[in-house]
Amino acid sequence: MDKYIGRLLDNRYEILEVIGTGGMAVVYKARCHRLNRLVAIKILKDDFLEDEDFRRRFHSESQAVAMLSHPNIVAVYDVSTSPEADYIVMELIEGISLKQYMEMKGVLNWKETLHFAIQIAKALEHAHSRGIVHRDIKPHNVMVLKNGSVKVTDFGIARMMSKGNTLTKEALGSVHYISPEQAKGGRVDSRSDIYSLGVVMYEMITGRPPYDGESPVSVAIQHINGGAPMPSTLNPNIPGGLEQIIMKAMAHDPAERYPSATAMLADMDEFRKEPTMLFDYHTPPLDAVTKLTQKPLELTPNRTAPKTTAERVAGPGGSTANRGATGRNQPVRKSQEQLDRERRERRRLQQEEAARKNKGATIAIIVCSIVALIAIGVFVVILFSEFGSGEQPQELVPVPNLVGQNYEGIAQLYPDWEIRLQTEVYDDTYEAGVIIDQEPGNGTQVEAGTPVFVTVSLGKETEPTYMENLVNISVDRAKEILAESGLALDVQVQEENSDLIVEKNVIRTEPKEGEPLTMGQTVILYVSKGREVKETSMPNLVGLNVDTAMSVLERYGFPVPELVPVYSNAAENEVVKQSVERGELVKVDTVITLEVSKGPEPTEPTQPTETEPTEPTPVKKDVTFQLPELTEETQVDICQGGETVHSRTVSAGTKSIVVSLVGTGTQYYEVVINGEVYSSVEVVFSTDE
């Protein structure tokens, strides 16, 4: 049996059962007795306890991760380092891992792939903004909930494995998803997580990872060498734009990947809005990521589909430009004019690069020689293409001035020009949506058809909005406050019991107070349903003194009862009736009404008789009391009116006991076992027996 099951850690967390095992820790289901909720606890394995440096980093990393608060990240509640155990307390997720989901469904369609990938990217965006890199993004670390949302777990903990880490069989689950720089033991940053997300998307939409082998080492080497087959060669139904997103995320060179999860999310959102679109990832002059938002990229004699590093390594057989015999996206030959333009552009870039990196005369001479040779080659090509073929040189035209105009509708104003969005930036001078820069510049002489790349203003950058303290205010008022932020927040409400916060008031929020809010962000309000009300079986109170009856109700957790005095032949202050019958299930917050005797109703005085009334004669009676099934030696008390009249210790297996009692009329006795009332028994003392 596991040594932790049944233990109470830090006098708070009761370990219930094992729910998962990893390379460095075991995950348990546990109950937090302080907050009365179920949690997941990840306890460090004994193998790591002797390494003090590892334990120190485990503690500091876990505390950093505990600062994360995002709907797509498993929340960390507590971190503890103590002699008995090193552990992390997390929210308990009711769901399955993305790996299990993929094994059940096989190949996912592109909509489902995009749905999961966007949520994972949002989790990465939040963590990266706080300087935390996951380092182990894989389907095993993504939990799929019943409502279709996902939560990423194990943030930041993968760094713990970096010390003395080797590619063993235990690493096989992760090596399929590691970036080339991780496989080589190089520097890891947020782009490594983006690479791993690309691999996860690749596996979701093709049903297999991009690289596989008989050993972790062979898989790692494939990541280092690159050259994964294009996803469309395994699943021809993949949209071209989504394939481009996957292959850009999986670019072998980190510089060619998305610079951030935010940039990747932007492209996924563009693709979601227009699934037929393609992206132009290699656009002069800045080689920036440019989305073709005005019209989809069409393959014409003057344009071919762009390639990422992974596409170039894969070769023409796996290119998105070659989709089979259907005729869609077939490879075509470039025109001579386009070749000339590309050669001139390459020459310009080489000259700039040479000037920037000049480290000596020798390098400068070599670069100039290369440039001269290229220039001669370009000149010869132009000479033969334009004059040898009898064609006239293409006429140059001046670039119009676009700065200061609204980007919306610019294509209609200049139908003869191809105007592309280069980037969007905050600017204090220009309003949002206005073009603030262009390349080539105004008046530059260029060939007809040359694209113009524009930078558009996002307007003045405003001060960030932070989550306010909404605890213990009404849910309606909290919604009003969030609506006043103007961020179009997605406000969700989840109800739970609380002993401290009144019903319909906010218990806590996600994100927490003081954390920044972004446009359209999901905000969860945890709203109180009031304290949890339990039910119990109503005890018998009839025949008890009113003070004793009130003590019994208090012991059960009932509020102070309502007392109604009535005339009765019973003794004064004796309970003669209760509003809830004995044995009936009742909520413990119910106010019980007790009718209490105030003695017999007064009558007209009568002449005393010669014979005075006599007190009833007490009768002795042997009474059998039934017991529950006892598994060990137990103390049993027979009580009347809160006082013990008989007590004995019985052995395991005893089903009943016989007790001699003395009394008159009808009396009620309680069977108390280990301090808890087990049953109430009515005993009639009759002289006729």
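Trainee: Ser196 first. Buried or exposed?
Mentor: This is a predicted model, so read everything that way. Ser196 has a relative accessible area of 2%. The cut-off for buried is under 20%, so Ser196 counts as buried.

Trainee: Which helix does Ser196 lie in?
Mentor: Helix H6, residues 190-206.

Trainee: And what does Ser196 touch?
Mentor: Ile137, Tyr177, Ile178, Ser179 and Gln182. That list leaves out residues up to four places away in sequence.

Trainee: OK, cores. Which residues have the most contacts inside the largest nonpolar core?
Mentor: Leu98, Phe155, Met201, Ile245, Met264 and Met268. The core has 73 residues.

Trainee: Take Phe155. What does it touch?
Mentor: Val65, Leu68, Ile73, Ala123, Leu124, Ala127, Ile132 and His134. Again, residues up to four places away in sequence are not counted.

Trainee: Switching to strand S6. How many of its residues are buried?
Mentor: Six of the six, in residues 86-91. So S6 is largely enclosed by the rest of the structure.

Trainee: Which strands are joined to S6?
Mentor: Strand S4, residues 37-44, runs antiparallel to S6 and is joined to it by five bridges. Ile43 stands opposite Tyr87 there. Strand S5, residues 76-81, is also antiparallel to S6, with five bridges. In that pairing Val79 stands opposite Ile88.

Trainee: Last one. What is the strand order in the sheet with S23?
Mentor: S23-S26-S24, an open sheet of three strands with mixed pairing.

Trainee: Why is one side of S23 and of S24 left without a neighbour?
Mentor: Because S23 (562-566) and S24 (575-578) stand at the edges, each with a single partner strand. The twist averages 25 degrees from one strand to the next.

Trainee: In which sense do S23 and S26 pair?
Mentor: Parallel, over five bridges, with S26 at residues 593-597. Val566 stands opposite Ser597 in S26.

Trainee: Which helix lies across that sheet?
Mentor: H16, residues 546-556, lies across S23, S24 and S26. H16 runs at about 165 degrees to S26.

Terms used
Residues are numbered from 1 along each chain as its sequence is written. This is a predicted model: local features need pLDDT of at least 70, side-chain atom pairs count only at pLDDT 80 or more; totals for chains, interfaces and linings use all residues. Side-chain values use heavy atoms; hydrogens and water are left out. Two strands pair if DSSP finds at least two bridges between them. Helices (H or I, at least four residues) and strands (E, at least two) are DSSP runs, numbered from the N terminus. Axes are lines fitted to C-alpha atoms, for helices over the stretch in contact, and angles run from 0 to 180 degrees between N-to-C directions. Contact means heavy atoms within 4.5 Å. A nonpolar core is a set of buried Ala, Val, Leu, Ile, Met, Phe, Trp, Tyr and Cys residues joined through side-chain atoms within 4.5 Å. Buried means under 20% relative accessible area, exposed over 50%, partly exposed in between (1.4 Å probe, protein chains only).
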